[in-house]
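Please work through each task before reading its solution.

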Amino acid sequence: MNHNPQAQRPESAAEDKIRRLTRRSFAVGGVASLLGLGGWYWLRSRSQDAGIPWPLRRVLDFNARLAQGYFKETRLAPTFPLERARVPRVNGEIGLDEVFDSARWKLRVETPVRQAAREFSLDKIKALPRVEMVTELKCIEGWSDVVYWAGARFADFITEYRLGARSGEAPDLGRRPADLFDYVQLETPGGGYYVGLDMASALHPQTLLCYEMNGQPLSPAHGAPLRLVITVKYGIKNIKRISTLRFLDQRPADYWAERGYDWYSGH
Ligand SMILES: Nc1nc2c(c(=O)[nH]1)N[C@H]1C(S)=C(S)[C@@H](COP(=O)(O)O)O[C@H]1N2
Ligand SMILES: [Mo]
């Protein structure tokens, strides 16, 4: 007789283990260093549980042993039931006062070294796998709101459109991590607000190029047509109304870092 339910349900045992690992802040994203970034493309199409595709949960224990590379410090932020979601207060309107024609909006992507800038319509971003998550937006001033977001993973964006690697090829974190640029900078139309990100945080599975909040297209005050949602950082890095995205090897300028906040602003 076996009274251990876990022995009869290895999946469930694995899941428990994953939960423990997650609680212990293991490097979930490090899985990507096993699979390569292309692996994300496959992973994201798997069924989701608490925002984590199941293959990701299965290989987490490998990850615990092999944690290294870009995702060393990453972990998943908690997710919440949909009923907890609220429309957050509008906080921060820097860079949103430019005259702005949403009908003509394109996301401009600039890459150093002889690669021409590229432009992406919102449809190109919506064509990527849609990711929904209910996570906390934490302002560095001390408040937080739980929000239901929808958008595309930044990691899917650069993988699908072959961005962010010096060679110009599709990023392959598993085999060619050094090919990736070290930093990303995002700025509003006209450059009034700008944030810098380390590549590891940009590639975190809960970092979204977000176009919907609580089931509605983003309002202008919340960053229409496209904003960043990045759960490993405070609100200040969740830039609203992105116009330009840049890959860089030097630590990019950051609006609030220039005014005395920590450049990383992780939490
Ligand atoms: N363009 C722009 N994005 C911004 C800000 C800003 O002033 N301008 N403020 C940031 C801060 S401090 C926070 S807390 C969040 C708030 O997002 P919300 O207004 O959607 O609640 O937006 C961030 N993104
Ligand atoms: Mo904030």
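**Exercise 1: A loop and its proline**

Pro 225 belongs to the loop between β10 (216–217) and β11 (227–230); helices (H or I, at least four residues) and strands (E, at least two) are DSSP runs, numbered from the N terminus. The model is predicted, so local features need pLDDT of at least 70 and side-chain atom pairs count only at pLDDT 80 or more, while totals for chains, interfaces and linings use all residues. Residues are numbered from 1 along each chain as its sequence is written, chains are lettered from A and ligands numbered from 1 in the order in which they are written, and side-chain values use heavy atoms, with hydrogens and water left out.

Task: State what kind of peptide bond joins Ala 224 and Pro 225.

Solution: The bond between Ala 224 and Pro 225 is cis, with omega at about 0°.

**Exercise 2: The surroundings of the ligand**

Solution: Step one concerns the neighbours.

Step two concerns polar contacts (pairs of N or O atoms within 3.5 Å). A backbone N or O atom of Arg 89 lies 2.5 Å from a ligand 1 oxygen atom. For side-chain N or O atoms, the distance to an oxygen atom of ligand 1 is 2.7 Å at Arg 227 and 2.6 Å at Lys 240.

Step three concerns burial. Ligand 1 alone exposes 530 Å², of which the protein buries 98% (Shrake-Rupley method, 1.4 Å probe).

**Exercise 3: A salt bridge**

Task: Identify the residue with which Arg 89 forms a salt bridge (a side-chain nitrogen of Lys or Arg within 4 Å of a carboxyl oxygen of Asp or Glu).

Solution: The partner of Arg 89 is Asp 145, and their closest N and O atoms are 3.7 Å apart. Because Arg 89 lies in the loop between α6 (60–66) and β3 (107–110) and Asp 145 in strand β6 (residues 144–153), the pair ties together parts that are 56 residues apart in sequence. In total, the count comes to 13 salt bridges.

How values were computed: Polar contact = N/O pair within 3.5 Å; in protein donor to acceptor, adjacent residues only side chain to side chain.
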